[in-house]
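Have a look at the model first.

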Amino acid sequence: MSYFLDGDRAITGTLLWYYAICKRQVWLMARSITPDEEDPRIDLGRAIHETSFDTETKEVGLEGVKFDVVVRGRKLVYEVKTSSSFIEAARLQLKYYLYRLRELGVEMEGRIKVPREHKTFRVTLEEGDIEMLEDVLREIREIVMMPRPPPPKKIRFCNRCGYRDFCWGTEG
Ligand code: SF4
């Protein structure tokens with residue numbers, strides 16, 4: 001399975017998360033049109049992530065993806081989220097990390113941690129997931145190659161999206 005967008009630019013895990021939420025966001029992110037980094041909700045996400053693990057956590061970086069692995073006991077890949085509202089998007093992102101590890105011969109399980117809700121979700125690679133991920137990666141490449149972004153569609157994520165002013169101006 002190819003996880004490259006174009007040339008040697010790898011498809012990031014975040015891009016799969018966006019794919020599950022909004023295809024327009026995939027195009028904007030992949031084209032490096034940066035969202036509003038001053039958004040306090042982005043800071044909150046970083047702060048929660050930075051305070052959610054002990055010192056036995058290691059950040060692992062593969063091409064285009066970075067994730068946390070807790071090394072005590074069983075090795076687990078962690079993804080920390082500020083809420084469980086978009087849990088299916090987080091599952092997709094984590095399955096992509098598990099797939100990338102499997103390609104290297106490393107079988108691991110994933111956990112989505114939502115510290116503010118005291119919730120943890122178990123994620124594994126199931127039968128059919130590889131084919132599903134192949135389809136997702138293919139579609140992401142197709143979206144990014146489009147000359148224009150897909151039109152905006154009002155969804156519940158728009159209110160917390162860094163692109164909301166870009167998509168909706170003051171009406172958003
Ligand atoms: S504001 Fe809404 S339509 Fe625009 S990129 Fe974000 S989620 Fe997509």
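How many nonpolar, polar and charged residues does the lining of the largest cavity have? By class, that lining has 10 nonpolar, one polar and three charged residues (Ala, Val, Leu, Ile, Met, Phe, Trp, Tyr, Cys and Pro count as nonpolar, Asp, Glu, Lys and Arg as charged, and the others, Gly among them, as polar).

This is a predicted model, where local features need pLDDT of at least 70, side-chain atom pairs count only at pLDDT 80 or more, and totals for chains, interfaces and linings use all residues. Residues are numbered from 1 along each chain as its sequence is written, and side-chain values use heavy atoms, leaving out hydrogens and water.

The ligand sits in the largest cavity, meaning that more than half of its atoms lie within 2 Å of the cavity's grid points. A cavity here is a set of points on a 1 Å grid over the protein atoms alone where a 1.4 Å probe fits but cannot get out, and lining residues have an atom within 4 Å of a point.

| Item | Value |
|---|---|
| Space in the largest cavity | About 110 Å³ |
| Lining of the largest cavity | 14 residues |
| Share of the ligand shell from helix H6 (residues 164-168) | three residues |

Cys 22, Cys 158, Cys 161, Cys 167 and Trp 168 lie nearest the cavity's centre. The residues around the ligand include Gln 25, Lys 153 and Arg 164, and the shell divides into nine nonpolar, one polar and two charged.

Most residues other than glycine have a negative phi. His 118 lies in the loop between strand S6 (109-114) and strand S7 (119-123).

Notes:
Near = heavy atom within 4 Å. 1 Å grid on protein atoms, 1.4 Å probe; cavity = no way out; pocket = protein on both sides within 12 Å on 5 of 7 lines; lining within 4 Å. Helix = DSSP H or I, 4+ residues; strand = E, 2+ residues; numbered from the N terminus. Points joined across faces, edges and corners; volume = space filled by probe spheres on them.
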